[in-house]
Every structure is written in structure tokens, then in C-alpha cells.
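This note sets out a few points for a colleague who is meeting the structure below for the first time. Please read the numbered points with the model in view.

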Amino acid sequence: MYMVGTVVIKWGGGLITYKDELCKPNLEVIRSLAEICSKTDKKLVIVHGAGSFGHLKAKNFRLAEGRVEGLQQDHAVVEVRQDMLELNHLVVTSLKSRGLDVRSFPPHEWAEGTGPFFSGDLPLHSGVTVVYGDVVEDQSCGFGILSGDDLMVRYATEIPDVVRVIFAVHGVDGILSVPPDKAGPNDLIKVWSPGMEFEGEHASEIDVTGGIGLKAARGAMIAQHGIEVTLVNGENYERLYNAIEGKSVIGTRIIAGNS
């Protein structure tokens with residue numbers, strides 16, 4: 001059988017949840033993204049973010065820092081993992097309802113350490129593979145937060161036949177040269193490489209993993225392997241479908257430095 005290639009997609013946490021309300025999913029967006037994924041013949045790996053299912057509690061209990069002396073964090077680790085399983089269940093159920101063969105692999109069961117060089121063999125399903133940002137064990141500091149953006153790096157560069165990588169984000173058409181609330185059509189950076197300045201919206205009071213800046217940096221790491229990387233507005237479903245199919249779309253193409 002002719003391999004049509006694999007596309008690794010990040011569903012941003014701010015896209016699939018209401019980020020400022022604890023554990024509130026955006027079911028309409030989740031259903032629409034699942035619908036788009038059911039229309040392609042590409043093999044898919046979907047990495048989803050945490051949004052309000054992870055970041056708020058993780059921020060309050062400083063989970064990204066690992067074990068903090070004097071802070072009772074163990075119940076928060078359990079709760080965030082449980083909340084993420086709940087969000088993941090909504091994602092998987094939505095994909096399955098579109099007739100897709102889906103398997104999810106919670107990272108706290110197989111991954112250890114944080115950052116793009118975390119350890120653990122990458123699980124892969126013959127149908128649609130789903131993983132997500134999670135609280136994982138870490139030898140040096142007890143536990144930590146493995147970002148979906150870091151999962152993207154290893155999946156994009158270590159599994160066979162990856163033809164392109166897409167970061168689907170909330171509320172912007174791509175990486176912008178000015179803050180989103182001041183941006184016009186001309187402020188979209190169509191091609192971004194490391195070293196280029198931009199103004200990302202980063203909700204530091206909520207986000208624990210680095211916002212659009214981390215997506216840009218990890219996208220550039222992936223692009224170094226010769227893989228096409230695009231950051232698009234995930235709420236423009238036609239655009240997202242075209243990006244999966246490899247057509248030219250409005251968004252930001254991320255390239256490696258000095259290329």
C-alpha cells in the first residue's frame with residue numbers, strides 16, 4: 001500500500017479549552033477539529049495542549065518547578081493528571097465519533113523528564129495516535145511538566161514518514177510582529193526563523209510552558225530536519241484542512257535558522 005505520509009498536529013490548549021475558566025472545554029472546537037481530521041487520508045499524530053485543564057492548577061502549585069520544599073504538591077499532581085485524562089477523553093471520543101481508529105497514550109505512563117529530549121519510547125498506533133502535555137516523573141526534581149510542544153519535537157523527528165507539522169493555535173493567524181490586539185493583516189510574519197523578533201501573546205499568569213514563543217522555538221528545531229512546519233489559526237477549519245493536505249495557507253511557516 002502506498003504510504004500517504006504522517007502529519008503531526010498540535011491542538012493548542014487555548015484552542016480546545018476556555019483558558020481562563022478551570023477545566024472548561026470548548027466542545028464546538030474539539031468537534032470541528034475532529035471533523036477536519038476525519039476528512040484526510042494522511043496518517044495523524046495529534047498532540048493536544050492542556051489549557052484550563054492543566055495550566056491553572058499547575059501554576060498554583062508550581063508543578064513546572066518540580067518538588068518545592070514546604071509546598072504540598074502531590075494532590076495537585078494527581079488532580080492535574082486526572083483533569084488531563086478527562087480532556088483527553090473528550091478529544092478521543094470526538095475523533096472516534098467521526099469513525100476514526102484512535103488510541104491515546106497518557107505521557108505519565110511512558111515518558112520521563114521534560115524538555116524536547118525527554119526519555120521514553122514513543123508509542124504509536126496504526127490509526128490516529130493521541131498524546132498530550134502532562135505531569136511526568138523526573139529523576140532530578142521528582143516530577144515536571146512535559147509540554148505538548150516538546151512532544152511535537154520527538155514525534156516529528158523520530159517516527160517514520162512525517163511529511164509536515166502543524167501547530168494549530170487560538171485567536172491569531174500565525175506569529176505576529178506586534179501584540180495580537182494591535183495587529184492588522186500586514187503584521188503576520190509569513191516566514192519566521194530563530195532570531196526574528198515578534199510579540200507573542202503569553203498569558204504568564206496562566207501558562208506554565210511558554211506560549212507561542214515555545215511553539216516557534218520547537219518548530220524551528222523540527223524544521224532543522226527538513227520537515228515543513230506551519231503555525232495556523234486552528235479556528236479557521238478550511239485553512240487547517242488545507243495545511244494538513246500540504247496546500248499553501250495563510251499562516252506562519254517556521255524555518256530553521258541560517259536556511
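**Notes on the predicted model**

1. A search of the whole structure finds 2 aromatic pairs; rings of Phe, Tyr and Trp (its six-membered ring) pair if their centres lie within 6.5 Å, with planes under 30 degrees apart counted as stacked, over 60 as edge-to-face and the rest as tilted. One of them joins Trp-110 and Tyr-155 edge-to-face, at 6.5 Å centre to centre and 90° between the planes. Trp-110 belongs to the loop between β3 (102–104) and β4 (128–132) and Tyr-155 to helix α5, so the pair ties together parts that are 45 residues apart in sequence. Helices (H or I, at least four residues) and strands (E, at least two) are DSSP runs, numbered from the N terminus.

2. The model is predicted: local features need pLDDT of at least 70 and side-chain atom pairs count only at pLDDT 80 or more, while totals for chains, interfaces and linings use all residues. Residues are numbered from 1 along each chain as its sequence is written, and side-chain values use heavy atoms, with hydrogens and water left out.

3. Are Trp-110 and Tyr-155 buried or exposed? Both are buried, where buried means under 20% relative accessible area, exposed over 50% and partly exposed in between (1.4 Å probe, protein chains only). Together with Phe-118, Trp-110 and Tyr-155 form one aromatic cluster.

4. Phe-118 also has the charged end of Arg-154 over its ring, 4.7 Å from the centre. A charge sits over a ring if NZ of Lys or CZ of Arg is within 6 Å of the ring centre and within 35 degrees of the ring normal. Elsewhere, Lys-24 lies over the face of Tyr-18, 4.8 Å from the ring centre.

5. Strand β1 (residues 6–11) is largely enclosed by the rest of the structure, because 6 of its 6 residues are buried. Thr-6, Val-8 and Lys-10 point one way from β1, while Val-7, Ile-9 and Trp-11 point the other way.

6. Which strands run parallel to β1? Strand β2 (residues 43–48) is joined to β1 by 6 bridges, and strand β7 (residues 162–169) is likewise joined to β1 by 6 bridges; two strands pair if DSSP finds at least two bridges between them. Ile-9 has Ile-46 as its bridge partner in β2 and stands opposite Ile-166 in β7.

7. Asp-161, in the loop between α5 (148–158) and β7, has a positive phi near 65° although it is not glycine. Asp-161 counts as partly exposed because its relative accessibility is 43%.
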